[in-house]
Amino acid sequence: QGLSSPMLRCPSQRLLDRIVRRYAEVPDAGSIYMDHLTDRDKLRLLYTLSVNSHPILLQVCTTLARLEMPPRSPLQANLGRLVRGASARPLRDFYGAAPEVAADLALQLLAVLRSMGTNDLNYFFYFTHVDAGTFGVFSNGHLFIRDASTLGIIDKEEGSQLIDGQQEYKDIFSCLTVDCQSAFVSCNSIREKHSLVMVCQELLPKLLKGKFLQPVQEKIDSFLQHCANGLADDQGVNEAVAKLAELLKPLRSCDSRFAYRYPDCKYSDKY
């Protein structure tokens, strides 16, 4: 209770049980009591969750992708990429990329965010913060989540079980990496458009700025503005993102620079 980790801002018993079982690498539900962990293991788990939950999320999601998610699940693909990102380039390196590269990366980014909200496990993944280092790009042009330390999880099946007074409760790790006075984000205020709005505000304008001829660029800027200002309008965000994706799709090219989808793009309407 009270851990400052984004991953545990909106906990459910089902989520906590999964974290403990995957961390301990045991299949039985009895591990929720941490019987399989030594005191040192328990402290290591709590400390890591407090300071940087990225490695815990890697372990949990790698197991999920391998054992539990349906084949070719969008979420499986996006979370599975987390573990292979050490040598990839951050998205910021592509702000000056050619228009067709920028369009391709923008479409991949939108697809990643949309898949985070809907999956067969009934978990909603969202970002509490995004910047140019949050996402990376492999040499084959495939975009992935490079830094998962700001990923939060909401259990759509059980809902949030944030207890009364948790904002005031502080464990021994809470002040290591964040301001002790900072308040928890209300779990009920987080919507599936949350990450889309942040990306429209912070990343996509830098990636797509001045890349295309008019009137295409004007339309792109307009859709981005509608998305960025859409905190009070769920439908407006979804419509703006759909129109943006529709506009960007024909601006991509199909050649060997995009090895992750080439030569499939020559023969499939998917691309």
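1. S12 is placed in the segment before helix 1 (13-24) and is buried, with a relative accessible area of 1%.

2. This is a predicted model, in which local features need pLDDT of at least 70 and side-chain atom pairs pLDDT 80 or more, while totals for chains, interfaces and linings use all residues. Residues are numbered from 1 along each chain as its sequence is written, and side-chain values use heavy atoms, leaving out hydrogens and water.

3. Three disulfides are present (cysteine sulfur atoms within 2.5 Å). One of them joins C10 to C187, S to S 2.1 Å. Its S-S torsion is about -100°, so the disulfide is left-handed. C10 and C187 are both buried (under 20% relative accessible area; exposed is over 50%, partly exposed in between; 1.4 Å probe, protein chains only).

4. A disulfide also joins C200 to C227, S to S 2.1 Å. The torsion about the S-S bond of C200 and C227 is about 80°, so this disulfide is right-handed. C200 is buried at 2% relative accessibility, and C227 is buried at 1%.

5. C254 and C265 form a disulfide with sulfur atoms 1.8 Å apart. The torsion about the S-S bond of C254 and C265 is about 80°, so the disulfide is right-handed. C254 is partly exposed at 29% relative accessibility, whereas C265 is buried at 12%.

Note on methods:
Helices (H or I, at least four residues) and strands (E, at least two) are DSSP runs, numbered from the N terminus.
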